Amino acid sequence: MKLKLNIAVRDLVHHSLRSGDLEFTFLGTARSMEGLRAHQKIQQSRPPDYTPEVSVTHQVETDAVILSVSGRIDGVFGDSGNSNGRIVIDEIKSTRRDLATLRVAQSPLHWGQAKIYAYLYARAHNYDEIDVQLTYFQIDTGELFEIRQTWARVDLAAFFKEIVDRYLKWAHLIAQWTKVRSDSVKRVAFPFEVFRPGQRRMAVNVYKAIKAGDQLFIQAATGIGKTMAAIFPALKAQGEGLTEKIFFLTARTTGKTAAEQALDELRREGLHLKSLTLTAKDKICFCPEAACGAEECEFAKGYFDRIEAAREDAFLQDALTRDSVIQVARQHSLCPFEFSLELALWVDVIICDYNYAFDPRVSLKRFFAEEKTDHTFLIDEAHNLVDRAREMFSAQVTKQPFLDVRRAVRHELADVYRRMGQINSWLVRARRRCEDAGEEMADSQAPHDLYPRLHRFLKATEDWLSQNIKASYRDDLLDLYFAVSGFMRVSEQYDDAYVTCYQKKSKDLCVKLFCMDPAGQLSAALRRCRTAIFFSATMTPIAYFKEMFGSDSVAGELTIPSPFPRDKLKVLVADNVSTYYRDRTESADDVTSLLLAMVRQKTGNYLLFFPSYQYMSLIQERFMEQAHDLEVICQIPEMTEAQRDAFLDRFGQNNAATLVGFVVMGGIFGEGIDLVGERLAAAAIVGVGLPAICLERELIRAYFTENHDSGFEFAYLYPGINRVLQAAGRVIRSESDYGVITLIDSRFSRRQYAALFPSDWQPVRIGNEQQLTARLMEFWAGHSVKK
């Protein structure tokens, strides 16, 4: 079967004719709208025989490839009313450049695009000769510059063939590779001797969902091998042509690593597959101190002159991880981030953060510009997507940056300075209202009277930024521009799911467009893929997540309990202690006594989870007064990756003394870590994990009370219990593990909470530390053999 490829005229020309530097010329959102309006203005001014937005398409077939080339011509002058009776293909370009420079030299890319359009139109309508016109519109002056050439169809055909042949040279490599990949996918076997309990069931359901183009929600207990159970059937479906690209979407580095390891396991079984791990620009940049552009960055200079050789070298590798992308990019002196985006076009599997699929500010528009695609989303640890989506669809501006940057541009950018003054005046008035309301407030109405001021700031700022002038304040102004631009982009989505939050901190003020309910926008994003597979060990209850993701009402559900014997896990519920915020100081000694009793029954490693750093510090201080014989380490805010790894390295298999780690629920140690065997004996979870009461949480509560009569559940209970269950999942990681989970809070015995426990748990209530000690002694005695 021949490989079918679709490409737009613009992309075809760009692939074959691009050369020179990687340009980061500033192009703002307002300029994009101005360009669109310029196109429309010119089209409307044309004579009656002018037809705007004419679609053209043509297929080129070779022995291995069927290439479909398509696009839309800006306009076509017809021969009925044209003074010279000729057909003219009109390609419109808006610019801020001086038109005098374009009169001297036009862009080969612009002419290439226009000539391809002309050939496709002439071929479709059987014209032997056709005119081609480039129309340049100067946005600031309104001046037009038109240049026209006449081309014979035979010459245009030769040009088209030359451009297509360059592309097909690469496309044939892709076709050969696709056959190799598909053949290997058909042959490759599951990489382990047997499926784990529940793993085959999950894999079968994933395959069926992709084949049907459905959504599927999977809650599968820790230990069944979810990553492989998602990837293996997705690859089988891809090999059969049921899906195009596979996007493995995850929120954490550990998730990316798990996906890479799963693919490596399959490669050892004979799989041939190209995968790419996308890394954020700020984590992979070779010149973080230099401005993006050929003048300051050597990796942007001559980028397109070296991209083809680099792409071919990269294609010799199957696993394009962060390190391998960096290696090839350095070898060819290319910007690694832009190079990785180029490679994304040609690989089979893309491993990346959620935001590349869902965040409108950074999503991969080259893949998701169309309303519907044949891509598959494998959404790892999907419970994290709720809060991440709220972040992606919200935006804020703060007062202080306007003051700081305004001070810097005062003597050089008068218009920008004036526009920022207008914004600051508005923010000062808003701050007064916020002070009167008690330092923070919310308004269901959008700040409509702020928008015009922000628009004027964007316009003035774009006018200067587009000139690419170096200045000491340029980076700060650019950062502020992007913050305001993001704010205005979110403002376009503002509806009943939004609220405007105002928060005063000292003299500063934050204005935030807060998305309480991300379902609508997530639903729109999910419509762009063929299939979405949501999987996690904790999606309790699934109905809540289906509602929050705006999923289809018929989306499938699958729950897979723990495959391990129930007697391997002891769940103890200390429900005689209140950890309500108002009771924490009073109950601190009781909590401490329970924790000390737990960690002293067996030498080993322990994790103690708390709902906040403040509460953790309160208990840790009292714990340390009585724990001189124990090793204690504590999580700190904003730990680096190296600090995180060092923390986990302390949890060795054969520690001579007991090690106790104080950590926070929902943080970097609350999920995505594997402390197998003797690396972790037990975990205590203090509190029910409810998010802290704050303005935003209370707004979520009020919104879902009104719209779903489930305000407390959606705002607090369900997010909290999923944090608890994620923390609890650290204890049993393999079939040989055994351990203890101690839940400390009176609410854990309430039906509202206990009903959300996993079905394989057998919780035992304890009323004091003596009962805890007795239960632990009994359990450890029954599991005296080492793991």
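Analyst: A residue counts as buried under 20% relative accessible area, as exposed over 50% and as partly exposed in between, with a 1.4 Å probe and protein chains only. The model is predicted, so local features need pLDDT of at least 70 and side-chain atom pairs count only at pLDDT 80 or more, while totals for chains, interfaces and linings use all residues. Residues are numbered from 1 along each chain as its sequence is written, and side-chain values use heavy atoms, with hydrogens and water left out.

User: How many residues of strand 19 are buried?

Analyst: Strands (E, at least two residues) and helices (H or I, at least four) are DSSP runs numbered from the N terminus. Strand 19, residues 569–574, is mostly covered, with 6 of its 6 residues buried. Leu-569, Val-571 and Val-573 point one way, Lys-570, Leu-572 and Ala-574 point the other way, and all are buried.

User: Which strands does strand 19 join by bridges?

Analyst: Strands of a sheet pair through backbone hydrogen bonds, either parallel or antiparallel. Two strands pair here if DSSP finds at least two bridges between them. Strand 19 runs parallel to strand 24 (residues 739–744), joined by 6 bridges; in strand 24, Val-740 is the bridge partner of Lys-570.

User: What is the order of the strands in the open sheet, and is the pairing parallel or antiparallel?

Analyst: The open sheet has 4 strands in the order 13-16-15-14, with antiparallel pairing. Strand 13 (395–398) and strand 14 (440–443) are the edge strands, each pairing on one side only. Strand 14 is joined to strand 15 (residues 498–505) by 4 bridges, and Thr-500 in strand 15 is the bridge partner of Asp-443. Helix 16 (residues 399–409) packs on this sheet, touching strand 13 and strand 16 (508–515); contact means heavy atoms within 4.5 Å.

User: How is a pair of packed helices read, and what is the angle between helix 7 and helix 8?

Analyst: Two packed helices are described by the angle between their axes and the distance between the axes. Axes are lines fitted to C-alpha atoms, for helices over the stretch in contact, and angles run from 0 to 180 degrees between N-to-C directions. Helix 7 (residues 226–239) and helix 8 (residues 253–268) pack at about 55°, with axes 10 Å apart. The two are therefore oblique to each other: angles under 35 degrees count as roughly parallel, over 145 as roughly antiparallel, 65 to 115 as roughly perpendicular and the rest as oblique.
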